[in-house]
Each structure stands twice: as C-alpha cells, then as structure tokens.
Amino acid sequence: MTTLQQMAKHFRDVHFGGNWTSVNLKDTLADVDWQMATTPVHSLNTIAVLVFHVNYYVSAVLKVLQGGQLQASDKFSFDLPPITSEEEWQQLVTKTLAEAATFADAMEQLEDKQLAEDFTDGKYGTWYRNLAGIIEHTHYHLGQITIIKKIIKGT
C-alpha cells in the first residue's frame, strides 16, 4: 500500500470507522438531531458549527485535488448559516460525509512523490503537511463533538 493509500484510509477511518480510536464522524453524528446539533454548551462551538468547520477545509482542499484553486480563509471557516430544521442539518451531514468520501478517493489518485512538493503555494507547506493536517484536524474536532454530545445528553 502506498503512503497516499494509507493516508486516504486514515482519512476514511476518522469519517466512517475503522480507526484505532473506535470513534468516527458518521457514527458520532448518527443520533444527533438538528436541535442537539445547534444547542450551545457554555461558550463552545455547537456540534453543527464544528461539522461545518471540519468540512470547510475538506471542501477547500478537495477543489485543489480536483484541479481547482485554493479558495479558503480561516476567518470564514466557522461561518455556518443558521440551521433551523432537521432537513438543513441532514444536508450538512450528508454533504460532509459525501465530500469526505470523494476527498479520500481523490487522495489515492495522487502519487507519493507529490507529498514532498509545495501545496498550491510554498507558504502552506507540502502536500503531506496539508493532507495529514486535515486528518489531524478532523480527529481534534471529532473529540470536541463527542464531548459536547455527551454534555448535552448528560452522559
């Protein structure tokens, strides 16, 4: 298995299951409804905002993987439009999981030698740094989502 195939598997695992933490985004969100997703807890981001934030970067880098330009700004990464229904929440979850699957497939199309090359611009570091960073970023926020969910459920 190539390094990129391993990385794509790791990315899939944090989204769909199979990683050694036994926690993944799909299963964690399976019983979260729109009201829980939008419930504020202390001064933390809501589950919905965190899902949007995780997907914001996946979506931006996916466009690059598909041959497009990088068009993202950290200042917009938490700008989730209001979620006011179960349908809107499920659309966000569906988009997030669908783009994750497409992202992993696109990662596998790269060649390992590209990992050491600059990602779009040298100021962003290498492809490896950015792809590994998205995996780390997802794990980090998945932990937050899991804790917030437990607080809301009282478990």
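What radius of gyration does the protein have, and what would a compact globule of 155 residues have? I started my notebook there. The model is a predicted one, and its radius of gyration is 16 Å. A compact globule with 155 residues would come out near 15 Å, so the two values agree.

**Entry 1: overall layout**

I looked up the secondary structure next and found six helices and zero strands. Read along the sequence, the pattern is α-α-α-α-α-α. I then took the box along the principal axes, and the C-alpha atoms fill roughly 45 × 30 × 25 Å. For contacts with a separation of 6 or more, I noted that 72% join residues 24 or more positions apart.

**Entry 2: surface and charge**

I get an accessible surface of about 8,500 Å² for the protein, and carbon and sulfur atoms own 53% of that. Of the 155 residues, 43% are buried.

**Entry 3: the nonpolar core**

In soluble globular proteins, nonpolar side chains tend to be buried together. Here I looked up the largest nonpolar core, and it has 44 residues. Which of its residues have the most contacts inside it? My list reads Phe11, Leu29, Ile47, Trp89, Phe103 and Leu131. At least two core residues come from each of helix 1 (3–16), helix 2 (25–29), helix 3 (34–37), helix 4 (47–65), helix 5 (86–108) and helix 6 (127–153). Helix 4 gives the most, with twelve residues.

**Entry 4: two positive phi angles**

I checked the backbone for positive phi values outside glycine and wrote down two residues. His42 has phi near 50 degrees, and this residue lies in the loop between helix 3 and helix 4. His42 counts as exposed because its relative accessibility is 71%, past the cut-off of 50%.

Thr120 has a positive phi too, about 55 degrees, and is not a glycine. I find Thr120 in the loop between helix 5 and helix 6. With a relative accessible area of 44%, Thr120 is partly exposed.

**Entry 5: Thr126**

I stayed in the loop between helix 5 and helix 6, where Thr126 also lies. Is Thr126 buried, partly exposed or exposed? Thr126 has 25% relative accessibility, so I put it down as partly exposed. Not counting residues up to four places away in sequence, Thr126 touches Leu115, Ala116, Glu117, Asp118 and Phe119. I also took one distance from Thr126: its C-alpha atom is 25 Å from that of Val51, and the two are 75 residues apart along the chain.

**Entry 6: Thr146**

My last stop was Thr146, in helix 6. At 19% relative accessibility, Thr146 counts as buried, because the cut-off is under 20%. Which residues does Thr146 contact, once neighbours within four places in sequence are left aside? I found Val23 and Thr28. Thr146 and Thr28 are 118 residues apart along the chain, and their C-alpha atoms are separated by 6.9 Å.

Definitions and conventions: Residues are numbered from 1 along each chain as its sequence is written. This is a predicted model: local features need pLDDT of at least 70, side-chain atom pairs count only at pLDDT 80 or more; totals for chains, interfaces and linings use all residues. Side-chain values use heavy atoms; hydrogens and water are left out. A nonpolar core is a set of buried Ala, Val, Leu, Ile, Met, Phe, Trp, Tyr and Cys residues joined through side-chain atoms within 4.5 Å. Buried means under 20% relative accessible area, exposed over 50%, partly exposed in between (1.4 Å probe, protein chains only). Helices (H or I, at least four residues) and strands (E, at least two) are DSSP runs, numbered from the N terminus. The radius of gyration is taken over C-alpha atoms; the globule rule is 2.2 Å times the number of residues to the power 0.38. Contact means heavy atoms within 4.5 Å. Accessible areas come from the Shrake-Rupley method with a 1.4 Å probe; for residues, only the protein chains shown count as cover.
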